[in-house]
Structures are given as structure tokens and as C-alpha cells.
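Thanks for coming. Please look at the sequence and the structure on the screen, and I will talk through a few places in it.

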2 protein chains.
Amino acid sequence: MDLDLDTVRTFVAAADAGQFQEAAAELAVTQQAVSKRIAALERNLGVRLFTRTARGAELTIDGQAFLPHARELLRVAERAVTSVRTGRRPLRVDVIASRGAATGLMRGFHRVYPDIELDVVMLFDIDTAVAAIRSGAIDASFRAVAMPGRPLPEDIESVRVLDEPLQLLTGPAHALAGARSVTVAQLAGHRIWMPGVVPGTEWAAYYDDLVAEFGLTIEATGPNFGSDALLDTVADTPALATFMGEQMRLVWPAGHGLRRIPLTDPTPVYPHSLLWHRDNPHPALATLRAHLAAAAAGLDAAGTWTPNWVTPR
Amino acid sequence: MDLDLDTVRTFVAAADAGQFQEAAAELAVTQQAVSKRIAALERNLGVRLFTRTARGAELTIDGQAFLPHARELLRVAERAVTSVRTGRRPLRVDVIASRGAATGLMRGFHRVYPDIELDVVMLFDIDTAVAAIRSGAIDASFRAVAMPGRPLPEDIESVRVLDEPLQLLTGPAHALAGARSVTVAQLAGHRIWMPGVVPGTEWAAYYDDLVAEFGLTIEATGPNFGSDALLDTVADTPALATFMGEQMRLVWPAGHGLRRIPLTDPTPVYPHSLLWHRDNPHPALATLRAHLAAAAAGLDAAGTWTPNWVTPR
DNA sequence: ATCGGCCACAACCAGCGGTTGTACCTCTAG
DNA sequence: CTAGAGGTACAACCGCTGGTTGTGGCCGAT
């Protein structure tokens with residue numbers, strides 16, 4: 001069984017017209033073609049959709065039930081096409097990780113502006129994102145930090161939109177597992193494991209600064225086998241802990257007793273910025289920027305830490 | 001431009017597999033067929049969806065943006081097909097008029113149980129509805145009243161689920177237009193116009209009883225040109241008023257100054273009942289009945305009027 | 001440098017889905 | 001009652017879409 005959108009369109013036209021002939025005229029085909037399409041659709045679905053009368057065709061109950069689904073199908077097909085049509089396409093935003101803070105911000109935006117069509121993609125790194133912004137392939141990008149000593153191109157604008165506090169993630173047997181909160185100084189001497197942090201990226205620079213300033217021990221070695229494997233290991237290893245953004249949503253392994261512990265004194269935060277092209281005329285981009293600016297106005301930098309090279313607020 | 005669902009399915013399979021060969025194997029076609037389908041899709045959309053590499057094909061940014069729409073399209077197509085598949089199909093409910101109280105009840109049900117799939121149809125009269133319930137073409141029907149002296153067949157069960165108060169609808173120049181509420185007795189001598197009430201139906205019987213008991217003047221004559229025409233006429237004719245269910249949502253003609261005036265002493269109510277087949281095993285039907293029973297428990301019959309032949313509460 | 005894995009292009013062919021022509025049904029008008 | 005209008009279905013025909021097999025080219029790994 002496979003629906004054919006042309007046939008579905010024919011069905012909707014016939015249902016609206018109340019007869020095959022008129023639908024055929026609208027669709028610029030012969031009445032016989034419509035008759036055959038509907039017959040094929042009915043054969044495929046295994047139900048009768050119209051009762052043929054002397055002055056047309058009217059929907060059966062099955063046809064009535066099918067009609068809204070058919071309309072929805074055409075709507076979705078239309079949206080799918082416009083999602084890749086250049087010009088008046090949905091706002092296309094790149095987020096850094098599907099469960100991170102950027103996704104949360106976009107969800108919040110969508111709640112406030114449900115009528116603004118959005119497409120979300122995930123690019124590999126900030127260089128790809130900047131190139132995509134310049135080429136117009138995307139309209140905006142959430143990036144955690146700017147690289148030290150490497151300013152953005154002049155035609156790319158950016159603004160800090162969210163500071164996401166870092167939390168410590170430990171297993172139940174970890175020495176700090178019972179703490180309600182932990183100061184950064186207390187972490188000295190504990191092993192912090194951050195696999196998958198690629199040297200040379202903004203993340204590596206961020207943790208390098210954190211280590212240098214507070215004398216932590218961060219092991220960035222080892223390949224990233226995915227967050228599931230990371231969580232399993234942390235849960236089972238009393239001597240290991242890791243960092244994680246406060247808003248990161250996890251597929252929480254049941255019964256592992258993992259703890260999320262806030263960091264204080266100061267609280268290291270991931271600075272999230274929105275990047276876009278100076279000349280991008282997409283109307284929804286202005287709305288997004290205004291929305292995020294309003295949301296960011298409530299941020300409080302007191303007691304937080306970031307490397308000194310990040311984009312200022 | 002017209003999407004082909006088979007092609008879209010191929011696109012999703014290729015995106016998931018990361019290469020055309022594996023997608024081809026899953027779809028039981030040759031690699032060349034997949035290649036041609038994707039090429040055709042890209043040509044139709046006017047964008048490149050994959051970048052071909054030596055070890056497969058990975059999504060472009062456009063491809064990433066298109067992917068969720070493609071998945072959605074397949075989901076909707078799947079739902080469309082199941083909506084007419086016998087067995088495990090969505091709960092199919094007949095409502096008496098698209099903007100009436102029954103629709104409101106179903107919306108409330110959908111809010112509480114958003115995961116229960118629903119299809120709503122509108123049948124012509126109670127006889128059609130009963131036949132459809134007995135044949136299994138629909139699972140339940142909202143009907144306003146039972147006919148006097150014509151009990152439901154034994155295999156059809158029903159329960160009162162809502163009493164919808166009647167309101168008076170007048171134009172701005174009507175004698176009662178300024179009233180906050182109107183007693184039924186005050187209506188004596190005023191012309192109430194109810195075009196489109198077909199003699200012999202439950203509606204006709206309802207208004208016959210109302211007339212007989214309170215001495216009103218109801219004109220049921222004339223064809224029904226639709227609610228728009230009715231509203232226009234009522235708005236422009238000082239001597240005319242009509243009845244309307246409290247929950248009826250109207251396409252309110254702007255600037256016509258129409259007034260909805262509650263009726264009291266007593267308040268005539270449309271009794272809405274849910275009808276279903278004794279032996280219908282659809283699990284969602286039990287949920288709907290329980291939901292409506294809970295909602296109906298809060299009804300208060302004090303000060304209301306119905307004909308004495310309606311299904312008791 | 002060669003091999004393996006993957007995608008694209010070419011040639012071919014079956015069948016889907018269109019067209020025209022016609023039959024049949026039903027309601028209505030004379 | 002009959003004839004005509006308006007609507008749908010069936011039959012025959014055919015072009016083109018979309019599959020197949022065969023083959024070549026590209027890229028990365030050994």
C-alpha cells in the first residue's frame with residue numbers, strides 16, 4: 001500500500017467539487033483519469049470513498065474520515081517543499097547539540113511564536129556554521145563560545161543569549177556524591193573526565209582555561225562513545241566525574257544513581273551566542289533576535305565564570 | 001513540483017543508512033534505482049540533498065532541513081491509511097454540526113487524551129447514524145435528542161452527556177435586544193424564525209413541544225440558506241429572532257450588532273446524548289464514555305426544560 | 001599501485017497512468 | 001413514456017515514467 005500524492009490531491013478535489021467532472025476540469029485532466037485514480041485509491045485502501053450518484057459523487061463515511069487526513073497530507077507535503085525552496089523559506093537555525101540549551105531556547109521561541117516556521121539543523125563546528133551563514137544555507141547558529149584570538153568575520157554578527165551553568169555529574173559512590181553543591185576549589189585533586197573534546201576546538205580552549213585558573217585535573221583523552229557509554233562509566237566508577245550543562249536533557253539510565261551537583265564559587269557557565277549574517281533579511285530572524293534579547297536581559301553574571309576571551313555580554 | 005511518497009521514503013532510508021546501497025537493500029530495489037530516485041527528488045526540489053563521498057552519502061544542510069518534513073510526511077501518510085483500515089483504526093465519532101457542543105466535547109476529550117486518534121464525521125440524521133453505528137462504520141454518535149415514541153434499537157446504547165442552553169439571537173433593533181436575559185414567557189407574541197427545521201425530525205418535535213408548552217410563535221418555514229444568510233436576515237429584521245445553542249460558534253458578521261440573550265425561567269436546553277453499539281469493543285470508546293460520564297456528572301437540571309420524551313439523564 | 005566499496009551513467013523494457021471513444025445509469029422535462 | 005442532459009465506468013490504445021542490468025569512475029585504505 002502506498003499513497004500517491006497526485007491521487008490524494010484528486011480525492012480532495014473530487015470531495016470538494018462533489019463530482020468527478022468538475023474535479024477533472026480543475027486538475028486539467030479528463031474525467032476518466034479522475035475516475036481511474038479514485039478507483040485505484042479505493043482499491044488500495046480497500047474501502048469505498050465515494051457513492052456514485054446520477055448527479056455526482058458524495059463521500060462515504062470512510063471518505064469523510066479520510067478527507068481531513070488527505071488535506072493534512074497535502075499541507076505537510078507543501079511545507080516539506082517550501083522547507084528547501086530558496087526565498088520565503090522557514091527560518092533555518094543551527095543548534096550545537098540536540099538536547100542542549102539552544103534547543104530549549106528554540107522551543108521557547110516556538111511556544112511564543114508558534115506560527116513562525118522553523119527548521120533546525122546541526123552542523124559540525126563553528127567554521128562550518130560560519131560558512132553556512134555566509135552562504136545563506138542557514139539563517140542563524142547557536143554556538144557556545146568564540147575561539148580565543150580568532151574573531152568572527154566582519155559580516156557575521158553575534159550576541160550572548162544564554163549562560164548555561166555547568167554541573168558536576170557523578171556516580172553514587174563518588175566522594176562528592178552526597179554534596180548539595182560543590183565549589184570549584186573542592187574539585188582540585190578529583191579526576192574530571194571529558195572524552196570527545198577535540199583539541200583545537202572552542203571546547204578544548206574553554207576547559208584549558210578552566211584548568212589553568214582553578215588547578216583542576218581534566219582528562220580529555222579517549223574517543224567519544226556517545227553519552228550513554230559516558231554515563232554508564234561515570235555511574236560505575238567512583239573516582240570519575242564529568243561536567244555537563246545544566247539544561248542538557250539526558251536519557252537517564254534507570255537505577256544508576258547518577259547525581260547532578262551544581263557548581264559554585266564561581267559557577268562556570270557555557271556562554272551561548274547567536275550568530276547571524278549582517279545582511280540576512282529574513283523577517284523571522286529579527287523576531288528571533290528580539291525574543292532572545294528579551295530572554296537574555298534577565299541573565300545575571302554575578303558569581304559566574306567564563307574564559308576572558310569569550311564574546312562579552 | 002509534486003512529491004512522490006516512495007521517493008520520500010527512499011530519501012529517509014538513505015539518510016538513515018548514510019549510503020544508497022544499504023537503503024536500496026532495505027527497500028528491496030537496486031542501488032541504481034535509489035540513485036535515480038534521489039537525483040529526481042533533488043532535481044524537483046532544485047537543491048542538493050546529499051553530498052556523495054567515497055563511503056556513502058551524507059546530508060547537506062538542505063537535506064537536514066528537509067528530513068524532519070519527510071518523516072512527518074510519511075507519518076501523516078501512515079495515519080491517513082490507518083484511518084480507513086478496519087481493525088485498530090482511530091475512534092470514529094459522528095457529530096451533529098461542526099460548530100456545536102458535540103465538537104466542543106470532543107475537543108475537550110482530545111485535550112485530556114491527546115494520544116487517542118480521533119476521526120470526526122458528520123452524518124445527515126439519526127437514522128443514518130444508527131445504521132452506521134450498527135454496521136460498525138462509526139463507533140459513536142452525538143445526537144441531540146431521541147425521537148418521541150421511537151425508542152432506539154436494543155443494541156444501541158446511549159447516555160445524556162450535555163445539556164446545552166438555548167439562547168435568543170436578535171438584531172440590534174429588536175425589542176428585546178437590550179435585555180440581559182429573557183424569560184420564556186416574555187417571548188410570547190414575538191416571532192421566532194427557525195428555517196431549515198425539517199418536519200418529522202427530532203428538532204421539529206422539540207420545537208413543537210416548546211411551542212405547545214409556552215405558547216410561542218415559531219416559524220419553521222422556508223429553506224435553509226445557511227447560517228450566514230440566517231444571521232444577516234436576523235440582524236436586519238427588527239421583528240425577527242432565532243434560537244441558537246449557547247456553545248454554537250458562529251462566523252460572526254462584523255458590525256451587525258447581533259445579540260445573544262440567555263433564556264431563563266425555565267432555560268430550554270438541547271439534550272445531547274452519546275450513542276454507541278452495545279458490542280463495540282473499541283478501547284477508546286470506553287475511555288470516551290468514562291470521560292463524558294465524568295463531565296456530565298456536573299450537570300444541573302434545575303431550572304431547565306426539555307420535552308418529556310427525551311432520554312432521561 | 002591496486003583493490004574494494006560506493007555512486008553515476010547508459011541502454012533497455014515493462015507497466016503505470018494518461019487519452020479517446022463509448023456504454024450505461026438516473027433524473028427531469030415535454 | 002420517451003428523449004435528452006449530465007454524470008460515471010469500461011475498453012482499447014499508447015507514451016513515458018521508473019525499474020533492471022551492465023559498466024565506468026572516484027576515493028580511501030591496504
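I start with a contact to DNA: an N or O atom in the side chain of R37(B) lies 2.6 Å from a phosphate oxygen of DNA strand D. That is a polar contact, a pair of N or O atoms within 3.5 Å; within protein, one atom must be able to donate a hydrogen and the other to accept it, and residues adjacent in sequence count only if both atoms are side-chain atoms.

Before going on, some housekeeping. This is a predicted model, where local features need pLDDT of at least 70 and side-chain atom pairs count only at pLDDT 80 or more, while totals for chains, interfaces and linings use all residues. Residues are numbered from 1 along each chain as its sequence is written, chains are lettered from A and ligands numbered from 1 in the order in which they are written, and side-chain values use heavy atoms, with hydrogens and water left out.

Back to DNA strand D. Two side chains of chain A also reach its phosphates: S35(A) has an N or O atom 2.3 Å from a phosphate oxygen, and R52(A) has one at 2.3 Å from a phosphate oxygen as well. The elements that give two or more residues to this surface are α2 (20–27) and α3 of chain A, together with α3 of chain B. Helices here are DSSP runs of H or I with at least four residues, strands are runs of E with at least two, and both are numbered from the N terminus. The element that gives the most is α3(B), with four residues.

How many residues surround DNA strand D? There are 17, and the closest are F20(A), S35(A), R52(A), Q32(B) and R37(B). To be near a strand, a residue needs a heavy atom within 4 Å of it. Of the atoms of DNA strand D that come within 4 Å of the protein, 61% belong to sugar and phosphate. By class, this surface has five nonpolar, eight polar and four charged residues. Nonpolar covers Ala, Val, Leu, Ile, Met, Phe, Trp, Tyr, Cys and Pro; charged covers Asp, Glu, Lys and Arg; the others, Gly among them, are polar.

Now DNA strand C. It is surrounded by 18 residues, and the closest are Q32(A), R37(A), F20(B), S35(B) and R52(B). Sugar and phosphate make up 63% of its atoms within 4 Å of the protein. The bases are reached too: an N or O atom in the side chain of Q32(A) is 2.6 Å from a base oxygen of DNA strand C, and one in the side chain of Q32(B) is 3.5 Å from a base nitrogen. A polar backbone atom of Q21(B) is 2.9 Å from a phosphate oxygen of DNA strand C. Here α3(A) gives the most to the surface, with four residues.

How are the two protein chains related? Chain A can be laid on chain B by a turn of 180° and a shift of 0.1 Å along the axis, with an RMSD of 0.1 Å. The two copies are therefore related as by a two-fold rotation axis. The superposition is by least squares on the C-alpha atoms of residues with pLDDT of at least 70 in both copies.

Next, the aromatic rings. A pair of rings is described by the distance of the centres and the angle of the planes. Over all chains there are 18 aromatic pairs. Rings of Phe, Tyr and Trp (its six-membered ring) pair if their centres lie within 6.5 Å; planes under 30 degrees apart are stacked, over 60 edge-to-face, and the rest tilted. Y206(A) and Y207(A) form an edge-to-face pair, 5.4 Å centre to centre with 85° between the planes. Y207(B) and F243(B) form a stacked pair, at 6.2 Å and 15°. That pair links distant parts of chain B, helix α7 (residues 202–214) and strand β10 (residues 240–245), with the two residues 36 apart.

Last, S141(B), in strand β5 (residues 140–143) of chain B. Is S141(B) buried or exposed? Its relative accessibility is 0%, so S141(B) counts as buried; buried means under 20% relative accessible area, exposed over 50%, and partly exposed in between, with a 1.4 Å probe and protein chains only. The side chain of S141(B) makes a polar contact of 2.5 Å with the side chain of D94(B). S141(B) and L275(B) are 134 residues apart in sequence, yet 5.1 Å apart in space, C-alpha to C-alpha.
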